Amino acid sequence: MRSSLAAAASPSWAANALLRGLPIELIAVLIVAARHGARTARRPWSGRVIVARAATLGAATFVTGLVAVGVVVPAGLAILKGNGILVPPLPRPADGRVVVGLAVVLTLCAILTFGLGLRLCHGWTAILVRVSLIALPYTVATLPLPPDPVSMWLLRLTPAAGLAVQQTMTEYPQVTAHYAPSAGHFPLPWWAGLALLGAYTVIVMWIAVGRKPVANTDGR
């Protein structure tokens with residue numbers, strides 16, 4: 001009983017190993033979104049136009065993220081199996097949730113960073129803020145460097161909590177295991193992490209839409 005339950009956690013390890021490059025993709029998305037937001041701030045657009053531009057950015061990010069993650073995860077699992085690494089298949093609802101969920105996370109991160117670029121009027125300032133609140137906490141928490149409680153709180157309080165959508169590991173009270181972000185376990189359920197990221201995005205966009213236009217900015 002204990003061995004079968006422990007084996008069920010291995011797909012989570014495989015999924016996390018395949019997505020180690022996710023912070024790099026996140027940073028690339030943040031750069032594009034922040035620069036787009038800063039350029040939008042150069043003109044006194046109406047709130048409706050700003051929302052439309054954010055929606056367009058979000059749609060493009062979602063499609064790109066869906067294709068990218070949808071290719072990386074199945075192809076990576078096939079490569080692992082081809083190299084003799086036994087990986088039990090992801091549960092059917094979970095595999096689709098990981099792919100679609102990560103595309104949604106990238107979309108929300110892009111819109112959030114667009115709003116920051118719009119509000120701060122400088123793309124690189126917005127990039128630094130977002131990297132410090134999304135990519136950096138996720139990277140630090142998933143590496144076995146800080147104590148587990150610190151990693152857990154980083155993924156409870158910051159927008160990086162949304163990345164819990166990639167979690168497929170289930171905590172069983174009768175199984176002794178290392179339930180920590182570095183082992184593929186997130187402190188919040190996937191839906192709670194996504195809701196927290198969504199709340200950050202809504203708040204930032206609400207503030208950004210109500211900003212006063214800034215005429216002189218270089219968009220950087």
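Hi everyone, let's start at threonine 40, which sits in helix H3, the stretch covering residues 22-40. Before I go on, please keep in mind that this is a predicted model. Is threonine 40 buried or exposed? Its relative accessibility is 0%, so threonine 40 counts as buried, the cut-off being under 20%. The side chain of threonine 40 also has a partner: a polar contact of 3.1 Å links it to the side chain of arginine 53.

Now to the core. The largest nonpolar core has 41 residues, and the members touching the most others are Val105, Cys109, Phe114 and Leu163. Which elements give two or more residues to this core? They are H3, helix H4 (47-82), helix H5 (92-120), helix H6 (123-142) and helix H8 (190-209). H5 supplies the largest share, with 13 residues.

Let me zoom in on cysteine 109 for a moment. If we set aside neighbours within four places in sequence, cysteine 109 is in contact with Leu26, Leu30, Ile134 and Leu197.

My last stop is helix H7, residues 148-157, where the buried residues are Ser151, Met152 and Leu155. Why do they line one face of the helix? Looking down the axis of H7, you find the buried residues within an arc of 100 degrees, so they share one face. As a friendly reminder, an α-helix has 3.6 residues a turn, so residues three or four places apart point the same way. H6 is among what covers the buried residues of H7. On the face turned away from that buried side, H7 carries the exposed residues Pro149, Trp153 and Leu157.

Thanks, everyone!

Note on methods: Residues are numbered from 1 along each chain as its sequence is written. This is a predicted model: local features need pLDDT of at least 70, side-chain atom pairs count only at pLDDT 80 or more; totals for chains, interfaces and linings use all residues. Side-chain values use heavy atoms; hydrogens and water are left out. Helices (H or I, at least four residues) and strands (E, at least two) are DSSP runs, numbered from the N terminus. Buried means under 20% relative accessible area, exposed over 50%, partly exposed in between (1.4 Å probe, protein chains only). A polar contact is a pair of N or O atoms within 3.5 Å; within protein, one must be able to donate a hydrogen and the other to accept it, and residues adjacent in sequence count only if both atoms are side-chain atoms. A nonpolar core is a set of buried Ala, Val, Leu, Ile, Met, Phe, Trp, Tyr and Cys residues joined through side-chain atoms within 4.5 Å. Contact means heavy atoms within 4.5 Å. The arc is that of the directions from the helix axis to the C-beta atoms.
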